[in-house]
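Open the model in your viewer and keep the selection panel at hand.

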Amino acid sequence: MKRWIAFSNIFTKDMRAYYLKPPNVSWGIIFPLAWTGMFFIRSGLGLESVLELLPGVVTISILFGTTSLLSVTLTFERRSRSFERLILAPISLELLMMAKTSGAILFGIVNAFIPIVIAAFLADMSGIVWSLVVPAIILIGIVSTFLGLFISVSASEVFEAQTFSNFFRFPMIFLCGLFFPILSLPIFIRWLSYILPVTYGVDILHGAVNGEHTMSYTLDFAILGAFCVVLFLLSLHNIKHKWIN
Amino acid sequence: MKRDNSSALEVAHLTKRYGEVLAVDDISFQVNQGELFGFLGPNGAGKTTTINMLIGLARPDTGAINIGGIECTRNPKAAQHLVGVVPDESNLYSELTGFENLCFCAALYGMRKKERQERAWELLNTFGLSDAANRKFNGYSKGMKRKLTFAAGIIHQPPILFLDEPTTGIDVASARQVRQIIAGLHRRGTSIFLTTHYIEEAERLCERIAFIVNGRIVQTDLTVNLLQPVKGRNVLFLSISNSRASLAGEMASAFPQYQFQFPTPGQVRIESEEPVNVGPLIRFLEERGFQVIEARRHLPSLEDIFIRVTGIEAELMRKDKEKAGGGGGD
């Protein structure tokens, strides 16, 4: 019970202090809208291409939403030393970091549904397999957040965290099959796609929305899950060795 | 004040190195249950590194830490429910109000809503901050921030409290209030580990004191024992217009009952077991062409012991710290 009180209060505090701030809410809405509009204009396609673009736009909304805010909040709290208060609390580091990341995960999931809601007005979505889309969105949210956590732990300044984040995020747009099939990439860089977690989430979404996936769903979910565990454990290891030294 | 001989905190052979710098060098000490233990030293002596290792913000290279009977060298989380910490910086959340900050800190220790709200109001009243309860932390003055940070450190009523420079950088009235609260906690049986560079603060509050210099503890004893060598001693400072090298010998010959020191040019320190007779000293100096500007009696204190043991001028230490942290005590 005591651990739950600590967990829920860290989560609630972060939601109030960071994620529900008007600039961040507007970022959460405008950013997916901007990406959606940009890809429509660039592709020159009609409304029939909405579902084709949807998995990429959903993923990009989650990826940028989670990594941006988490890296800022963590680095900011560490700089102001308020993060020390959390480390000194009698809760495990695992629980603490789950509480700190749960706000970002929720923010990413909510972001994901903005392009979906827009798409619902523009296209027939009756063929979408929601039982795959929802867990895929949740897992992409978790893995993106943990990737943001992993990056944040290596940064000591907010600008460093943002720079490191971009180093991972922008290549992902092109390498993870968001808008261009992985099989169309030059063969010598294709291996990069398979070491990036988002590739597996996008594959599930393409399958669930358009019926076009290149790997089995079981493999996609298993690899995404494994990435979540590995990134979280690596981040904890780095916190213990870099922040508590 | 509750007191028993069991240890609230035991530290054995603690060492910490940052690269080439040996920040803490094989220190050992213990704090008894209900004791107020002072850790005194200049900037960079290793006070904050020590406290960080004790509370789990730094990992010792070697040594052992036992808090409240729990061995927590490798697992600092094991004893964190027993411990309260007031860090050397006011590190609460700028976006939350004073009341919200206290409630949040209470929640970290698993306190239920009603309990944490009641405790938050109690502490806001104790620290005289109830009028500012609903103001955001970033709108607080430096002294108010320090007091709220102190309140957050004791929100869960910990039996062991770590205070890192609790009065540095705040106004005289706030510093006095914080000292009164420390004394009150001590009377109610809280074991307190206090780091400070204010020697008079340590002398006034602490029962036992350790001096730390360059990462090593150079002396640990009860405050009364530390003060013993200067107890009953009489010290007089004379400020004179100028000085010359031979004056020391001349004065020592003329007044063999006194001990003379010349801490700075133009200043003479006279120490004796008997009261110092000022008249003959002034006449002696004036006959030799020195003008006596000021004669000042000095009550020997822990500061004299600190200077004697560490070789560090207390005033230099205070100025150094205040340059870094601003403000000062009373």
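What follows is a list of selections, with a note on what each one shows.

**Before starting**

This is a predicted model, in which local features need pLDDT of at least 70, side-chain atom pairs count only at pLDDT 80 or more, and totals for chains, interfaces and linings use all residues. Residues are numbered from 1 along each chain as its sequence is written, chains are lettered from A and ligands numbered from 1 in the order in which they are written, and side-chain values use heavy atoms, with hydrogens and water left out.

**Stop 1: chain B as a whole**

Select chain B. Its C-alpha trace spans about 75 × 45 × 40 Å along the principal axes. Colour by secondary structure to see eleven helices and 14 strands; these are DSSP runs numbered from the N terminus, helices being H or I of at least four residues and strands E of at least two. Of the 330 residues of chain B, 54% count as buried, where buried means under 20% relative accessible area, exposed over 50% and partly exposed in between, with a 1.4 Å probe and protein chains only.

**Stop 2: the contact with chain A**

Show both chains. The contact (heavy atoms within 4.5 Å) takes 33 residues from chain B and 29 residues from chain A. About 2,700 Å² is buried between them, and carbon and sulfur atoms give 56% of that area. Buried area here is the accessible area (1.4 Å probe) that two parts lose on being put together, summed over both. On the chain B side, pick Leu57(B), Tyr93(B) and Leu108(B), which lose the most area to chain A, together 24% of what that side buries.

Next, select Arg81(A) and Glu89(B). They form a salt bridge, with the closest N and O atoms 3.3 Å apart. The count between the two chains is four salt bridges, each a side-chain nitrogen of Lys or Arg within 4 Å of a carboxyl oxygen of Asp or Glu. Strand 1 (7-18), helix 2 (98-108) and helix 4 (142-153) of chain B are the elements that give two or more residues to the side touching chain A. Helix 2 of chain B gives the largest share of that side, five residues.

**Stop 3: Asn101(B)**

Stay on helix 2 of chain B and select Asn101(B), which lies in it. Is Asn101(B) buried or exposed? At 0% relative accessibility, Asn101(B) counts as buried. Leaving out residues up to four places away in sequence, Asn101(B) touches Leu92(B), Tyr93(B), Leu96(B), Phe137(B) and Leu148(B).

**Stop 4: the nonpolar core**

Select Met97(A), Leu9(B), Phe29(B), Phe162(B) and Phe193(B). These have the most contacts inside the largest nonpolar core, which has 114 residues. Such a core is a set of buried Ala, Val, Leu, Ile, Met, Phe, Trp, Tyr and Cys residues joined through side-chain atoms within 4.5 Å.

Zoom in on Phe29(B). Among its contacts, leaving aside neighbours within four places in sequence, are Leu9(B), Phe37(B), Thr50(B) and Phe193(B).

**Stop 5: Thr50(B)**

Move to Thr50(B), in helix 1 (residues 47-55) of chain B. Thr50(B) counts as buried, at 0% relative accessibility. Its side chain reaches the backbone oxygen of Gly46(B) at 2.6 Å.

**Stop 6: helix 10**

Finish at helix 10 (residues 302-310) of chain B, whose buried residues are Leu302(B), Asp304(B), Ile305(B), Phe306(B) and Thr310(B). Just after this helix, Gly311(B) takes a positive phi of about 75°.

Note on methods. Polar contact = N/O pair within 3.5 Å; in protein donor to acceptor, adjacent residues only side chain to side chain.
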